[in-house]
Amino acid sequence: MSKIIPIIIASLASSLSWQASAQVQLNGDFKQGSLIRAKVQPGTLVYLNDALIDVNADGQFAFGFAREAELKQLLKLVYPDGLTELKPLTLAKREYKIQKVNGISKKIMKPDPKAQSRSAQDSKQVKAARAQFTESNAFSQTFIWPLTGRISGVYGSQRVYNGKPGTPHYGVDVAAKTGTIVVAPADGIISLSVSDMFYSGGTMIIDHGYGVSSSFLHLSKLYVKEGQEVKQGDKVAEVGATGRATGPHLDWRVNWYQMRLDPTSIVPSMKSVLEKQAAN
């Protein structure tokens, strides 16, 4: 018995020592619509509300919260030594811009069947691109704006047509002239490059790894093809007004797999970037 007790005590001491130092580094804004980048001890299993999250060899991973995500979330960490840590997360609730539009004709409210069919096919392509998993660590980079200028549309905004809520806007719009250069906000691989989708026109998706992707809509020209690798700052496309756009602008969207997130959650404010440009 005397030989067994020290082993049990040593094991317990080791566990307590690790518990005291156990940490997860979380980088992001804890509110609805945000992308969070994080890091744990390599070999740790990470669960968000019991769903297993992919973690790279360095312990880095990403996850997000949807536009209307529940405000109470739970992160579970199972460390290599078997210790489990439960980390409750509380999100800030966001208020979105809602615009009511009445008097819209039934013809406009009911899209053409051919348009609906084409849009459905486009949607399948987009979803397939966003579902891809690659082991690129680009998702952990400090992202830059793919285009700077006046923000003309914000994430989460929504129009209510004749009392019926329309689909929320899931990107951030930056107004610019047709032909203005769009650059890659981070390294990645082109997972979709299509010049003529019905609603989004010229559409490109960059896979940044571990479920994180950037989408660019309404492009007038695409410089890169599917499967091509790009580096942060590379010229990838030009602004346009293709698809169902009312004027030239870039619609930039960020996803964690199929979850649509706010791009402004991973870049400095546009105001600060423009002020820095002006100062230089």
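Ring pairs join F30, F61, F63 and F65 into a cluster, where rings of Phe, Tyr and Trp (its six-membered ring) are taken to pair if their centres lie within 6.5 Å, with planes under 30 degrees apart counted as stacked, over 60 as edge-to-face and the rest as tilted. The model is predicted, and local features accordingly need a pLDDT of at least 70 and side-chain atom pairs count only at pLDDT 80 or more, whereas totals for chains, interfaces and linings use all residues. Residues are numbered from 1 along each chain as its sequence is written, and side-chain values use heavy atoms, with hydrogens and water left out.

The protein chain contains four helices and 21 strands, helices (H or I, at least four residues) and strands (E, at least two) being DSSP runs numbered from the N terminus. Of its 280 residues, 44% count as buried, a term that stands for under 20% relative accessible area, with exposed meaning over 50% and partly exposed the range in between (1.4 Å probe, protein chains only). The accessible surface of the protein chain comes to about 15,100 Å², and 53% of it belongs to carbon and sulfur atoms; accessible areas come from the Shrake-Rupley method with a 1.4 Å probe, and for residues only the protein chains shown count as cover. Among contacts between residues at least 6 apart in sequence, 66% join residues at least 24 apart, contact meaning heavy atoms within 4.5 Å.

The largest nonpolar core has 51 residues, of which F63, F216, V236 and W252 touch the most other members; such a core is a set of buried Ala, Val, Leu, Ile, Met, Phe, Trp, Tyr and Cys residues joined through side-chain atoms within 4.5 Å. Strand 20 (residues 249-256) supplies the largest share of this core, four residues. When residues up to four places away in sequence are not counted, F63, which also belongs to the ring cluster, touches L26, S34, L35, I36, A38, L48, I53, L75, L89 and W256. A second, separate core of six residues includes V126, L192, V194 and M197.

In total, the structure holds ten aromatic pairs. One of them is formed by Y96 and Y155, with an edge-to-face arrangement at 6.3 Å centre to centre and 65° between the planes. Because Y96 lies in the loop between strand 7 (84-90) and strand 8 (98-101), and Y155 in the loop between strand 9 (151-153) and strand 10 (158-161), this pair ties together parts that are 59 residues apart in sequence. Both Y96 and Y155 are buried. The rings of F133 and Y210 have centres 5.0 Å apart and planes at 80°, so this pair is likewise edge-to-face. F133 is located in the loop between helix 3 (113-131) and strand 9, and Y210 in the loop between strand 15 (201-209) and strand 16 (212-219), so that parts 77 residues apart in sequence are tied together by the pair. F133 is partly exposed, with a relative accessible area of 38%, whereas Y210 counts as buried at 7% relative accessibility.

Charged side chains also lie over aromatic faces, with K76 at 4.7 Å from the ring centre of Y47 and R244 at 4.0 Å from that of F198; the criterion is that NZ of Lys or CZ of Arg is within 6 Å of the ring centre and within 35 degrees of the ring normal.

An open sheet of three strands has the order 8-10-11 with mixed pairing, two strands being paired if DSSP finds at least two bridges between them. Strand 8 and strand 11 (164-165) stand at the edges with a single partner strand each, so one side of each is left without a neighbour in the sheet. Strand 10 and strand 11 pair in the antiparallel sense over two bridges, and V160 stands opposite P165 in strand 11.

Two residues other than glycine have a positive phi, namely D50, at about 75°, and H218, near 70°. D50 is placed in the loop between strand 3 (45-48) and strand 4 (51-53) and is exposed, with a relative accessible area of 64%. H218, by contrast, lies in strand 16 and is buried, with a relative accessible area of 7%.

D196 is found in strand 14 (residues 188-197) and counts as partly exposed at 47% relative accessibility. Leaving aside neighbours within four places in sequence, D196 is in contact with R118, G201 and G202. The C-alpha atoms of D196 and G243 are separated by 7.0 Å, although these residues are 47 residues apart along the chain.
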